[in-house]
Amino acid sequence: MWEACYGKEPFDLRLTVLRMIRQWKTLLLITLAGSLIFGGIYYLGNTLLRGRREYAAGSVYRVDYGVDDVDANAVMINSYTWNTYMHTEEFLDMVRSRLAGSGMEEISDQELGGYIQGEIESDWRVPSTGVITEDRNKSTVIARAVEEAVIQDFVLGISEIKAIRVLDHAGEAQEILPDLRIGRAFTLGAVLAAFFGLVILLLKELGEDNIWLPAAIRRRYGVKVAGTLNSRELKENICYLFAGADHPVVCSVQENCDPAETAEAIRRLCGGTAAGEADWQSLPSPLACPEAAEKLRAADGILLAVRAGAHGGKQLEYTLDFLAQQDCKVTAVILLDADEVLLRLYYGFQKTDGRAWVEE
């Protein structure tokens, strides 16, 4: 009676890494797709699909304090206080008075305050004001009204300030263009796609019942493995395991596997030996033809042929369970369509002579 040993099978890091490397084309496609999708969405969202357009105009000033530089540290205007001044009711009234005749004098304090910004970037003697609205003309008119209010009325309300001069007058408002960083967007999309693609492939690899190595069959199911059709030990294993068997049977596990081809390959490989001269028969998969169990019980030996790759593990498990219930003793398993490059990398063989792996 066979016994599955999934819980006892150790995690094979080497095999997992090699499998990830072997899927580099898939990972590359995922990376490219993620880069194009993320970068494309970023580009379209900030250009063609961009929402409202905004226009900005502003002025830069030079503040002359009525005290020396040492005492000025105590009364200087910082960014917070400057921006606070720009939003006081008193200052907004100054701006509104200069909007008379422009049709904008009825703008509420809340709306007008939302348009105006005050900043001091580095030098506390050089503050600036800015106006941002959705209309180019409105931004220009309000920005010039703010500039007049600052240099004519605002300066009169602070005794420590001697004068405020305009270094850069408010000109025609300019549209605010988004700071597009297309290269970074595409790069970020590629990095994220590669990371999540690798995680998905890894989870898929760990979650599927894959069979890539002959040793995995022995570790999981506790049955003997003759090898692969190109393995150098196949002939010796077949000759030993089926010694004295006059009527052995090759039985496939998957329905799309032709056992007759496997039987013919074994005859050619073991030609001139007792195993090669035996009357090898072929039977379809017990999953598709359960009545084949009667012939399998009468056979001298049973060689199960299973294809390497995904979804073979559960099918092999089901077949072994069915044959055990039918008292059909499986002699060995042969792994077909094995990834020879993967086997070479995994076991460290250098080259092949066409049939068996040969070390240099």
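This is a predicted model: local features need pLDDT of at least 70, side-chain atom pairs count only at pLDDT 80 or more; totals for chains, interfaces and linings use all residues.

**Stop 1**

Select Val146 and show what touches it.

Now widen the view to the largest nonpolar core, which has 35 residues. Colour Phe91, Val95, Ile142 and Val146, the members that touch the most others in this core. Next, pick out the elements that each supply at least two residues of the core: β1 (55–65), α4 (79–86), α5 (89–97), α6 (109–115), α7 (136–153) and β4 (161–168). The largest share comes from α7, with six residues.

**Stop 2: helix α5**

Come back to α5 and select Phe91, Leu92, Met94, Val95 and Arg96, which are buried there. Which elements do the buried residues of α5 pack against? Show α4, α6, β2 (116–119) and α7, and you have the partners.

**Stop 3: Tyr55**

Move to strand β1 and click on Tyr55. Is Tyr55 buried or exposed? The cut-off for buried is under 20% relative accessible area, so Tyr55, at 13% relative accessibility, counts as buried.

List the contacts of Tyr55, leaving out residues up to four places away in sequence. You'll get Val131, Ile132, Thr133, Glu134, Asp135, Arg136 and Ser139, plus Ala173, Gln174, Glu175 and Ile176. Then draw a distance between the C-alpha atoms of Tyr55 and Asn137: the separation is 8.8 Å, although these two sit 82 residues apart along the chain.

**Stop 4: where α1 meets α8**

Last, select helix α1 (residues 13–22) and helix α8 (residues 182–207). Two packed helices are described by the angle between their axes and the distance between the axes. Here the axes come within 11 Å and cross at roughly 125°. That angle falls between the perpendicular range, 65 to 115, and the roughly antiparallel one, over 145, so α1 and α8 are oblique to each other. The crossing is right-handed.

Show side chains for Thr16, Arg19 and Met20 on α1, then Leu198, Leu201, Leu202, Glu205 and Leu206 on α8; these make the contact. By class, the contact has five nonpolar, one polar and two charged residues.

How values were computed. Residues are numbered from 1 along each chain as its sequence is written. Side-chain values use heavy atoms; hydrogens and water are left out. Axes are lines fitted to C-alpha atoms, for helices over the stretch in contact, and angles run from 0 to 180 degrees between N-to-C directions. Helices (H or I, at least four residues) and strands (E, at least two) are DSSP runs, numbered from the N terminus. Angles under 35 degrees count as roughly parallel, over 145 as roughly antiparallel, 65 to 115 as roughly perpendicular and the rest as oblique. A crossing is left-handed if the near helix is turned anticlockwise from the far one by less than a right angle, and right-handed if clockwise. Contact means heavy atoms within 4.5 Å. Ala, Val, Leu, Ile, Met, Phe, Trp, Tyr, Cys and Pro count as nonpolar, Asp, Glu, Lys and Arg as charged, and the others, Gly among them, as polar. A nonpolar core is a set of buried Ala, Val, Leu, Ile, Met, Phe, Trp, Tyr and Cys residues joined through side-chain atoms within 4.5 Å. Buried means under 20% relative accessible area, exposed over 50%, partly exposed in between (1.4 Å probe, protein chains only).
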